[in-house]
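Hello,

Please find the structure handed over below. My notes on it follow.

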Amino acid sequence: MSAQRILVVDDEVNARRAIATILGEEGYEVAEASNGEEGLARLADFSPAAVLTDVRMPKMDGLTFLTKAREQGSDATFIVMTAFASVETAVEAMRAGAENYLVKPLDANAVLVVLGKALEKRALKRETETLREQVRQRTRFHNIIGEAPQLQAIYDVVRRAATTRATVLILGESGTGKELIAQAIHQESQRRDKPFIKVHCAALSENLLESELFGHEKGAFTGALARKEGRFELADGGTLFLDEIGEISPSVQVKLLRVLQQREFERVGGTQSLKVDVRIVAATHRDLTAEVKAGRFREDLYYRLNVVAVTLPALRERKSDIPALVNHFLEKYSDSYGKDVRGLAPGTLQALLSYDWPGNIRELENAIERAVVLAAGNELTTDDLPPVLRGPRPTGSSPSSLIPGASLAQIEREAILRTLEMVHGSTTRAAEILGISVRKVQYRLKEYSAATDGKPAPPPSPEEENSESEAVSE
């Protein structure tokens, strides 16, 4: 392992060289600069892990040097040195981004201890960022977050279907992420460099939807002052996503069926047949088989759309993904609102797992956004959640305080929930740390949510029973 690089910036030659000598003897690679201007120049070519800088120097003082270094993108850890042990100087240095400060005359042992702790903290931060990115990559598929077995099966179908031109029908409750699946199909296909055009069928009246889909000729109806290309033409060579396809009228169903069968259509008010190469992906929250039986949806259109069907599970059916989703929304809205909310207080994750989320992921996102806005500290508490989610107040017990008199099940529950928070919701990573199977973590999450709801826990699958047996034998 290469020696860590330290930059020492001080206008006092003897003091600077004495520090450099001490650090060199400890195995560090050391560079020197006599003022802030020289220090900035050395940052670019030396790339130190840490900088020890005096506060009062000619040309450019230490705090200005620190500020400019941050503006240039340096991620080095700064420790300031000052002969003036004032609280104001220390506070100003910390506000500017310094990790710590040292008071002159320096004590060699104090320098080594403070520097060692600063470097250890920097290494831990980098390791955490690396782990977070690994978790992010493991739990995401084209911005779809989740490790649940149901989602893994869907990812596999998406990958295989995307390479064809087959029409895909995406089913699932509102808020489950149907549009993200449609985008993933497009991105996995050879059409990824072509347009991805979306139409929300439920948001448009019958006449307007027909015009939006197929376009219209000048004078086709009142207000049609010029020819307009429809979404089918705009999506030529790419993918057309028809959201809420179950809401379209019978007359539009007939015209859509013709496009799917013959790959051609006419603009509203036109006579010229137009041919396009468009891949259709449709989605609905409705049960189309029931709609067909009720006579509200054409059976032939249903079979044309239902070449490859993907049914997204409701969030209540994949609660093991809630920790990862929560972490994603925490990061998103902490950055968006300029707040430093990075974790959950004890009891908060349990409250989120105990709710059935009828609005699915959309409702969860809304709840986390609200909580981040209202959060007073750097952790979300149950008080920050919407009233419908608030259960009993958390006891605040730490894992160690649970052990005397606690059952093994209670200790296991605390270990699983806190480990999930530590690894930002990844059940795979939590299982690795705890030395148990991913299925066991997921089954335990089902148990915890069922217990809070007062419902019996769902019976384990054969795989979960096996994981239980493995845990006992361990």
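**Overall make-up**

The chain holds 20 helices and 16 strands, where helices (H or I, at least four residues) and strands (E, at least two) are DSSP runs numbered from the N terminus. This is a predicted model, in which local features need pLDDT of at least 70 and side-chain atom pairs count only at pLDDT 80 or more, while totals for chains, interfaces and linings use all residues. Residues are numbered from 1 along each chain as its sequence is written, and side-chain values use heavy atoms, with hydrogens and water left out.

Of the 474 residues in the chain, 45% are buried; buried means under 20% relative accessible area, exposed over 50%, and partly exposed in between (1.4 Å probe, protein chains only). The accessible surface of the chain is about 23600 Å², and carbon and sulfur atoms account for 50% of that surface. These areas come from the Shrake-Rupley method with a 1.4 Å probe, and for residues only the protein chains shown count as cover. Among contacts in the chain with a separation of 6 or more, 68% are between residues 24 or more positions apart, a contact being heavy atoms within 4.5 Å.

**The five-stranded sheet**

Five strands make an open sheet with parallel pairing, in the order β9-β10-β13-β8-β14; two strands pair if DSSP finds at least two bridges between them. Its edge strands, β9 (196–200) and β14 (308–311), each pair on one side only. On average, neighbouring strands of this sheet are turned by 15° against each other, direction ignored. Such axes are lines fitted to C-alpha atoms, for helices over the stretch in contact, and angles run from 0 to 180 degrees between N-to-C directions.

Strand β13 (residues 279–284) is joined to β8 (residues 168–171) by four bridges, and the two run parallel. In this pairing V281 of β13 is the bridge partner of V168. Strand β10 (residues 239–243) also pairs with β13 in the parallel sense, over five bridges, with L240 having I280 as its bridge partner in β13.

Six of the six residues of β13 are buried. Helix α6 (residues 149–162) lies across β8, β13 and β14, and runs at about 155° to β14.

**Aromatic pairs**

There are eight aromatic pairs, counted for rings of Phe, Tyr and Trp (its six-membered ring) with centres within 6.5 Å; planes under 30 degrees apart count as stacked, over 60 as edge-to-face and the rest as tilted. The pair F214 and F232 is stacked, because the ring centres are 5.6 Å apart and the planes are at 5°. F214 lies in helix α8 (residues 206–214) and F232 in helix α9 (residues 231–234), so this pair ties together parts 18 residues apart in sequence. F214 and F232 are both buried, and together with F265 they form one aromatic cluster.

**One buried serine**

S334 is found in helix α13 (residues 322–336). S334 counts as buried because its relative accessibility is 1%. Leaving aside residues up to four places away in sequence, S334 touches K339, V341, R342 and V372.

Regards
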